[in-house]
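Hi everyone, thanks for making time this morning. Let me put the sequence and the structure up, and then I'll walk you through the fold piece by piece.

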Amino acid sequence: MTTSIHTFEVDRDTHSVGRIDVAADAACSDGAAVLAIESLALTANNVTYALFGDAIGYWRFFPASDATSGRVPAWGFATVVDSTHAEITAGSRWYGFFPIATHLVVEPGKVSHDGFLAADSHRRELPAAYNVYRAATPANGFVPDHDVVNMVFRPLFLTGYLIAETLDAQVPDATAIVSSASSKTAIATAADIRRRGNRRCIGLTSVGNVAFVEGLGLYDRVVTYDRIDDIAIETAAFVDIAGNAAMRDAVHTRLDAQLLASLAVGAAHGAMPATRPSAGPAPHLFFAPAVYDQRIKELGRDAFERAFAGAWAAFVAQATDWLTPATAKGIDAVPALWQRLVAGDVAANEALIIRP
């Protein structure tokens, strides 16, 4: 079959304005599969992918129509509509990393009982965490009632889980201070820190988000950005998800030698600071896929997946209580949604879902 593919693209330099590219190239070559993308979650994490499209390589997963454009990845579900691969059947449903598009042509490599690894030539050297497609079946942990939570939070919770793993290994007794506490990555991080029960966690947020953040019950204390000087603790680790240079400098200055580690995780406020803080340790860029690969090597894939599955199940049980989906239909709705994401015009409890 040949199907016209509609794909959302942004300008690689500014990434603020998007458009829809149309190409009739969904032909299924030998050993490949065509997946019709069913639904995707759009969060601030997608904006981070665009910000780091060149630096970390997110633009390489789904090559764009020209050198000035980039295709922003997103997490979601798709169904196979055509396949010439012996182990990938039409009608099967998969969860994974997709372009914001109507279809994806993929070359499955290694196939197991619970998923497959993309083996497209341009993806083979990219992080494995983004190349795994999981069978979206209840037996594999994908219950349809939890589709929204899986799309919005599963990749972010993996990041939060790996942050908690890193803190446990490097600074086991330090209080975690998490910026952009209302963001979904911060919520995932705080949730797993609380599940582990071995350290305090302080959330930094704006005045307008205090009630929401406190209502989550995940942080031991919530501090607004204008009250950072009120923080008084013996040792701390800073998990910077906001990416705000002035705020990061305020945290480093307030704690200085008491700050044992500083992880630069995201850019929820729009950009990653380019300069080193004036006090405290040099921030370390936290790249979840690299930590994921390291933990797989240390524990083995099965042991890691079992541990993560238990943590994920605990998170899903409480996330469904407050997460509110907002669904848009049709790929043409994406440019307007993208503008909302870039402007930060998405409520903390809102889950933007696109059904291309």
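**A walk through the fold**

Let's begin with a right-handed β-α-β unit, built from strand E17, helix H8 and strand E18. The names come from DSSP runs numbered from the N terminus, with helices being H or I of at least four residues and strands being E of at least two.

Before going on, a word on the source: this is a predicted model, where local features need pLDDT of at least 70, side-chain atom pairs count only at pLDDT 80 or more, and totals for chains, interfaces and linings use all residues. Residues are numbered from 1 along each chain as its sequence is written, and side-chain values use heavy atoms, with hydrogens and water left out.

Back to that unit. Strand E17 covers residues 324-329 and strand E18 covers residues 350-355; the two run parallel, joined by 6 bridges. Strands count as paired if DSSP finds at least two bridges between them. If you want a spot to look at, find Ala328, which sits opposite Ile354 in E18. The helix of the unit, H8, takes up residues 334-343.

H8 also lies across E1 and E2, and runs at about 30° to E1. For angles like this one, axes are lines fitted to C-alpha atoms, for helices over the stretch in contact, and the angle runs from 0 to 180 degrees between N-to-C directions. Contact means heavy atoms within 4.5 Å.

That brings us to the sheet holding E1 and E2. What is the order of its 3 strands? This open sheet goes E2-E1-E4, with antiparallel pairing. At the edges are strand E2 (18-23) and strand E4 (69-70), each pairing on one side only. E1, residues 5-11, is joined to E4 by 2 bridges, and Val10 faces Gly70 there. On the E2 side, 6 bridges join E1 to E2, with His6 opposite Val22.

Now look at the turn of that hairpin, which has 6 residues between the strands. His15 sits in this loop between E1 and E2, and its phi is near 55°, a positive value in a residue other than glycine. As background, most residues other than glycine have a negative phi. Is His15 buried or exposed? His15 counts as buried, at 13% relative accessibility; the cut-offs are under 20% relative accessible area for buried, over 50% for exposed and partly exposed in between, using a 1.4 Å probe and protein chains only.

While we're on E2, Asp21 belongs to that strand. Asp21 and Ser65 are 44 residues apart in sequence, yet 7.4 Å apart in space, C-alpha to C-alpha. Leaving aside neighbours within four places in sequence, the contacts of Asp21 include Ser65, Arg71 and His6.

Next, the other open sheet on my list. It has 6 strands in the order E13-E12-E11-E14-E15-E16, with parallel pairing. Its edge strands are E13 (221-224) and E16 (284-285), each pairing on one side only. Inside, E14 (residues 236-240) and E15 (residues 259-264) pair in the parallel sense over 5 bridges, and Phe238 has Ser262 in E15 as its bridge partner. Helix H2 (residues 147-170) packs on this sheet, touching E11 (175-178), E14 and E15, and its direction makes about 155° with that of E14.

Ser180, in the loop between E11 and helix H3 (184-196), has phi near 50°. Ser180 is buried too, with a relative accessible area of 8%.

One more helix: H1, residues 44-51, is mostly covered, as 6 of its 8 residues are buried. Among them are Val47 and Tyr49. The buried residues of H1 pack against E3 (33-42), E5 (73-83), E6 (93-99), H2 and H8.

Finally, the overall view. The chain has 8 helices and 18 strands. Its radius of gyration is 20 Å, close to the 21 Å the globule rule gives for 356 residues, so the chain is as compact as a globular protein of that length. That radius is taken over C-alpha atoms, and the rule is 2.2 Å times the number of residues to the power 0.38. Buried residues make up 53% of the 356 residues.

Methods. Right-handed = clockwise from strand over helix to strand, strands pointing away.
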